[in-house]
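The sequence and the model are shown first, and the description comes after them.

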Amino acid sequence: MRSVSMKVAQWIDRLGSIWVEGQLTQINLRPGTRTAFLVLRDPAADMSLSVTCDPALLRASSVPLQEGSRVVVYGKLSFFPGRGTLSLRISEIRPVGVGELLARIERLKALLDAEGLFDPRLKRPVPFLPGTIGLITGRGSAAEHDVLSVARDRWPAVRFEVRNTAVQGPSAVPQILDALAALDRDPAVEVIVLARGGGSVEDLLPFSDETLCRAIVAATTPIVSAIGHEPDSPVSDLVADLRAATPTDAAKRIVPDAAAETALVRELRARSAAALRGWVERESAALRQLRSRPVLADPLRDLGHRHDEIERLRTATRRCAESLVRAESVTTDHLRRQLTAVGPAATLARGYAVVQRVTGPERHVVRAIDDSPAGSRLRIRVGDGAISAAVLGTERLGERGSPTRSDDSERT
């Protein structure tokens, strides 16, 4: 064990002097002592280093040094084998000025912007009426009072989950990170507010810490940054989901005004009712206009007109048909009389007869004496019936129409 400690001490002793930047978290300067003991912390990594120096070095500083001051020190590391501790003996200490702090903040902004952490598409929407609001702020601070009083005046039923932390100094960032993680894990918390009043660049420096900014981006709960006043612009304002100018402004932006919302609801109800009444009036007027038209006022009137017209047409059609039937009847009677006058029955009625020779079932009209030789069976059709006869003989008419007998006798 001793060999290892000695080798470590020898190796560290071979290292040269180095410059180290950090934040003073503890200054132990006792009167009459020849050594001052300091603790230098890296806020981003949450690591600390013991530092010793001559008390005159602190007294000679151009800027009074206090806990929370950012400094750059120059010194040499030493390892104490007996205690197994590492310490930095410094010979020069320089306070980090405001200009350098602002330059560091600008470099951090450029880095985070290049990584896309300021992209508006990453911003989560803040709920209209959050059930529970997480608040991270200093204990008994004006920021806490402003947020709680304004929010409860606007919406009395609003609930808060308050986490009091340091908001400046070396312990601010770790406490804020712990509070932020606890509220982000709470499923009841719907939005988280980081609130702090105004202050110098050094006072607001924790809210430009890289570790805190990345934790804000990684959180799943929407986060509102309400740090300082309007001119103040820590990096947390850029990575948060919503930036409020002041803590009071944060309360106004995340909690709706109950009176204003009630008035808005009344206005919307009145406008909706007026719009509905207007729509009903317009539709009623349109309906009245439609009903006032003749075709809808008396729907059967056109049917009556059509009925009368149909009756007139039926009467005219009937008259036309009857007239046509009468005319055709007269024509038919005339034709019938003509046919009757020239027909066989009329001729027979005037004394003519139709003579047929009967040969078995067949009948042949006798047109000449040669068609009915003697002994032929005849059927003589007269006007009122038929006579059966037989041919006894025939005679041929002479040139002057006198008959020439061919047989002496004729039987009927």
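The account below moves from the whole chain to its strands, its salt bridges and a surface patch.

**Overall form**

The model is predicted, and local features are described where pLDDT is at least 70. Its secondary structure amounts to 12 helices and 16 strands. The radius of gyration is 66 Å, well over the 22 Å that the globule rule gives for 412 residues, so the chain is more spread out than a compact globule. The C-alpha trace spans about 205 × 65 × 35 Å along its principal axes. Of the 412 residues, 31% count as buried.

**Strand E6 and its neighbours**

Strand E6 covers residues 132–137 and pairs with strand E7, residues 159–164, in the parallel sense over 6 bridges. Within this pairing, Gly-134 stands opposite Glu-161 of E7, and Ile-136 has Arg-163 of E7 as its bridge partner. E6 is also joined by 5 bridges to strand E8, residues 189–196, and these two strands run parallel. Gly-134 takes part here too, with Ile-192 as its bridge partner in E8.

Is E6 buried or exposed? In E6, 6 of the 6 residues are buried, so the strand is largely enclosed by the rest of the structure. Thr-132, Gly-134 and Ile-136 point one way from the strand, while Ile-133, Leu-135 and Thr-137 point the other way, and all are buried.

**Salt bridges**

The structure holds 13 salt bridges.

| Side chains | N to O distance | Helix and spacing |
|---|---|---|
| Lys-109 and Glu-106 | 3.6 Å | H3 (residues 98–114), 3 residues apart |
| Arg-214 and Glu-210 | 3.1 Å | H6 (residues 210–218), 4 residues apart |
| Arg-306 and Glu-309 | 3.3 Å | H11 (residues 299–342), 3 residues apart |

Lys-109 and Glu-106 are separated by about one helical turn because they lie 3 residues apart in H3. With a relative accessible area of 16%, Lys-109 falls under the 20% cut-off and is therefore buried.

Arg-214 is partly exposed at 30% relative accessibility, and Glu-210 is partly exposed at 28%. Which residues are linked with Arg-214 in a network of salt bridges? Glu-115 and Glu-210 are linked with Arg-214 in that network.

In H11, Arg-306 and Glu-309 are also about one turn of the helix apart. Arg-306 has a relative accessibility of 53%, over the 50% cut-off, and therefore counts as exposed. Glu-309, at 33%, counts as partly exposed.

**A nonpolar surface patch**

Which residues form a nonpolar patch on the surface? Leu-276, Trp-279 and Val-280 form this patch, and together they have about 300 Å² of accessible area. Leu-276 is placed in helix H9, which covers residues 258–292.

Notes. Residues numbered from 1 in each chain as written. Predicted model: local features only at pLDDT ≥ 70, side-chain atom pairs only at ≥ 80, totals over all residues. Heavy atoms only, no water. Patch = residues over 30% accessible without salt bridge, like charges linked within 9 Å, V, L, I, M, F, W, Y side chains within 5 Å. Areas by Shrake-Rupley, 256 points an atom, 1.4 Å probe, with all protein chains shown as cover. Buried < 20%, exposed > 50% of the residue type's maximum accessible area, 1.4 Å probe, protein only. Pairing = 2+ DSSP bridges. Rg over C-alpha atoms; globule rule 2.2 N^0.38 Å.
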